[in-house]
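Trainee: Please put the model up. I would like to go through its side-chain pairs.
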Amino acid sequence: MAVLLLTICSVTHTASAEAQIKTDKDRYLYGETIKVIFYDAPGNKNDWICIVPEGSPDNEAGDYKYIPSGLNQGELTFNSPKPGQYEARAFYNYSRRSYAVTARCVFDVVDGSSLVKSQIPPRSKQKKPKTKQGEQTSD
């Protein structure tokens, strides 16, 4: 069985260069470190990135980190949230009056045990062992 993974990222155009954000993977195991890569950021002291459940309102801050002032590209790391679908969101030129998402990227966090179980093929039906008389045993 083949599994297709898609990372969906979008960008809101700013007055300067086009802002970008992405994660290093489309799917993380619960407990893995999440790496959010950003580039073409303006480098302002109020630029930040957060991780929130996918579909959360834009004013939901979730787990957030500020981008160091003057940094236009780099990587921020986050602890893995519980399994589910999430968005990494960039807020450039942030103002307390406005939660304007500059860029976002969707990714999944999965429970490692369920991922392993889903990759094991189902068992084929096994014949019941025969008794000494040649008859099959019953349950």
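Trainee: Which residue forms a salt bridge with aspartate 108, and how far apart are the closest N and O atoms?

Mentor: A salt bridge is a side-chain nitrogen of Lys or Arg within 4 Å of a carboxyl oxygen of Asp or Glu. This is a predicted model, so local features need pLDDT of at least 70, side-chain atom pairs count only at pLDDT 80 or more, and totals for chains, interfaces and linings use all residues. Residues are numbered from 1 along each chain as its sequence is written, and side-chain values use heavy atoms, with hydrogens and water left out. The partner of aspartate 108 is arginine 27, with the closest N and O atoms 3.6 Å apart.

Trainee: How many residues apart in sequence are the parts that aspartate 108 and arginine 27 tie together?

Mentor: Strands (E, at least two residues) and helices (H or I, at least four) are DSSP runs, numbered from the N terminus. Aspartate 108 sits in strand S9, residues 103–110. Arginine 27 sits in strand S3, residues 27–29, so the pair joins parts with a sequence separation of 81 residues.

Trainee: Is aspartate 108 buried or exposed?

Mentor: Buried means under 20% relative accessible area, exposed over 50%, and partly exposed in between (1.4 Å probe, protein chains only). Arginine 27, at 27%, is partly exposed. Aspartate 108 has a relative accessible area of 18%, so the label is buried.

Trainee: Which residue meets arginine 89 in a salt bridge?

Mentor: Arginine 89 lies in strand S8, residues 84–91. Its relative accessible area is 1%, so arginine 89 is buried. The partner lies in the loop between strand S5 (48–53) and strand S6 (63–66). At 3.9 Å, N to O, that partner is aspartate 58.

Trainee: Which residues do salt bridges that share partners join into one network?

Mentor: Take glutamate 87 and arginine 104, whose side chains meet in a salt bridge at 3.2 Å, N to O. Glutamate 87 is in strand S8 and arginine 104 in strand S9, so this pair ties parts 17 residues apart in sequence. Glutamate 87 is buried at 7% relative accessibility. Shared partners give one network of Asp58, Glu87, Arg89 and Arg104.

Trainee: What is the count of salt bridges by this rule?

Mentor: Side chains of opposite charge can pair when their charged atoms come close. By the cut-off above, the count is six.

Trainee: What is the angle between the planes of tyrosine 86 and phenylalanine 107?

Mentor: Rings of Phe, Tyr and Trp (its six-membered ring) pair if their centres lie within 6.5 Å; planes under 30 degrees apart count as stacked, over 60 as edge-to-face and the rest as tilted. The rule gives nine aromatic pairs. Tyrosine 86 in strand S8 and phenylalanine 107 in strand S9 are 21 residues apart, and both are buried. Their pair is stacked, with 6.1 Å centre to centre and a plane angle of 25°.

Trainee: Which ring has lysine 65 over its face?

Mentor: A charge sits over a ring if NZ of Lys or CZ of Arg is within 6 Å of the ring centre and within 35 degrees of the ring normal. Lysine 65 is 5.1 Å from the ring centre of phenylalanine 78.

Trainee: How many strands are there in the protein?

Mentor: From the N terminus, the elements run β-β-β-β-β-β-β-β-β-α. That is one helix, and the strands number nine.
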